[in-house]
Amino acid sequence: MLINSLSTGMSPRVFGFLLSALTTVSLAQLPATLITNVEHRATISLNGPWHAIVDPYDTGLKDYRSHLRSKDGFFQNAMPQTPQDLIEYNFDKSETLNVPGDWNTQRPSLLFYESTVWYEKSFSYHPKPHTRAFLHVGAANYFSIVGVNGAVVCDHEGGFTTFNCEVTQQLREGENFVVIYVNNQRKPEGVPTLSTDWWNYGGLTREVQLVEVPQRFIQDSFIHLMPGTRDQLAGWIKLSDATADQRVTVRIPELAIEKTFNTDRTGLAEFSFSDKRLQLWSPDHPKLYRVEIETGINELRDKVEDEIGFRSIEVHGHDILLNGDPIFLRGVSIHEEAPYSSGRANSEEDAKTLLGWAKELGANFVRLAHYPHNEHMLRMADRLGLMVWSEIPVYWDIKWDNPSTLANAQNQLTENITRDKNRASIVIWSVGNETPVTDARTNFMRTLVKTARGLDSTRLISAALQVQHTNAQHRDGTTRIIDDPLGADLDVLGCNEYIGWYEGKPEDADKASWKSPYNKPLIMSEFGGSARAGLHGNPDVRFTEEWQEDLYKHQTAMLDRIPFLRGTSPWILMDFRSPRRLLPGIQDFYNRKGLVSDQGAKKKAFYILKKWYEMKEMVEHPGH
Ligand code: GCU
């Protein structure tokens, strides 16, 4: 990974070690250059049509014999200078693909395409004095290499997290071009690995923009309510360079709060202060405050603002406490797929539609599966008052004993937490889904739990576990036992079960009960069954809406009988594309477990869950 790190003089590991005792976050774990809160920064959008070269054999990257990187790859964006010149590619003459957007749903010929596409965008730019520029990529699935004006500036692995690279040195007055190589081939050592039950959408799936900042700027910040308090705010601000005694001001204009702090020699300013007038964020009252952070003067002045909610989230025995009060997480799982058009969701509009349906269900919680979703989803959840389970794609069976796979997973977790830690809606960081119970896996997952706690001690950590219904040891008769060893390391147990679909008949749930040796809250993170919208028949006919409706009736009755259940996120809000769903006329490459079809048709089961959530809310807030 090529990264031009900021001028700290000390390797992040050394001063991270020195400081980690001091801060709520260990600096060593922070991505060296990830600028957060780009949404509120001066940016130049590079969205829109990009020229695209489909390159299945990596001809533009590697020498055809050695397969080693060739120096005159497509990053050069070369043009023949004379009629004799042999240049066998031409971005200007190549068709375009829209950014943001996956390539699969933009051209039928690319629906199943899993290899390389080169993206090129030319733009004019005017460098400003005392100003640095970073190229910010919202997400590029899966592996990408970025070049500016012919120079390779950085690369990135992971299809669902944000990264940015400094390009100040590469940009010039007038015409410039950026070339981004994107490859979405699945790899055994990848995260995720070879098999997933979602479509492997490739490309520049989220915004690409240039971010302009002063020479020294506010690189990152974290401001949150101290757990267990209702009025104590705390946090830190990290400047882009390790300079001591820099004044940093935090303002909350609505509360007339203005506080100034000084950085230490690593460029970090920590703070805490209290205010009794603070209104806390909750699903019923999603209160957000405009927070301003400012530092420096004149050309070194930098100011960012953000909309931040303050709330605490804790566990106490079997209870999940939001702002100190027990709460039931009435949720639904969601994939980052665009309603109606399919393909990757990546707009505020998509977020409004998907989260709007969740609200219609009576949800106060959503599980964003199985990877970090775009920032629109999180900011919309902040505004709509939906608590969020955020997850990294450690999914099914990855290479547990491969150190680079672990580093990759840790990096994705770190980038996820770094981007979204100021989102009040996020209450749970999940380190994975349905991972097999082996020692190598449990050690791997424990390392991720530690990483997450090191980065953010204010949220709950979970994972979607499974009770292998075939594995009698976790059953005593009809009682299922959630005793996965990883449960000991989690704050909240997540569990996926498919009674009535992959296991037995819907009515089998009537006999099922659940227990766990852990005195912890349980979120049933997946349950459900498939139905083709509009297909009707007897409830004992699979894929009919009546089967799914019946399944939800039996499920909700079973769930009501689990004493330590504190949340549910059934699988899934909307039908979504999957390469594993091949049944003609029913699935047609769609997983049909949605409560809503991909065209927005609500299935009968939608109303069963809606009624159950209404009842749950009444129990929680009698007379509401
Ligand atoms: C699994 C998995 C999901 C999958 C679902 C299903 O539990 O976590 O990603 O789509 O089951 O089989 O529909």
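The model is a predicted one, in which local features need pLDDT of at least 70 and side-chain atom pairs count only at pLDDT 80 or more, while totals for chains, interfaces and linings use all residues. Residues are numbered from 1 along each chain as its sequence is written, and side-chain values use heavy atoms, with hydrogens and water left out.

For Glu526, the distance from a side-chain N or O atom to an oxygen atom of the ligand is 2.7 Å, and for Asn591 the corresponding distance is 2.8 Å. Of the 320 Å² of accessible area that the ligand has on its own, the protein covers 96%, as computed by the Shrake-Rupley method with a 1.4 Å probe (for residues, only the protein chains shown count as cover). Around the ligand there are 14 residues, of which Asp197, His370, Tyr395, Glu434 and Tyr502 come nearest; a residue is near a molecule or strand if one of its heavy atoms lies within 4 Å of it.

Elsewhere, 4 strands form an open antiparallel sheet in the order S14-S13-S16-S17, where strands are DSSP runs (E, at least two residues) numbered from the N terminus, and two of them pair if DSSP finds at least two bridges between them. Because strand S14 (257–262) and strand S17 (302–308) stand at the edges with a single partner strand each, one side of each is left without a neighbour in the sheet. Strand S13 (residues 247–252) and strand S16 (residues 289–295) pair in the antiparallel sense over 4 bridges, and Arg251 has Glu292 in S16 as its bridge partner.

The structure also contains 1 disulfide, defined as a pair of cysteine sulfur atoms within 2.5 Å, and it is formed by Cys154 and Cys165, whose sulfur atoms are 2.0 Å apart. Cys154 belongs to strand S7 (residues 151–157) and Cys165 to strand S8 (residues 163–166), 11 residues apart.

Turning to the backbone, the peptide bond from Val99 to Pro100 is cis, with omega near -5 degrees, and Pro100 is found in the loop between strand S3 (96–99) and strand S4 (116–125). The peptide bond from Asn141 to Tyr142 is cis as well, with omega near 25 degrees.

Notes:
A polar contact is a pair of N or O atoms within 3.5 Å; within protein, one must be able to donate a hydrogen and the other to accept it, and residues adjacent in sequence count only if both atoms are side-chain atoms.
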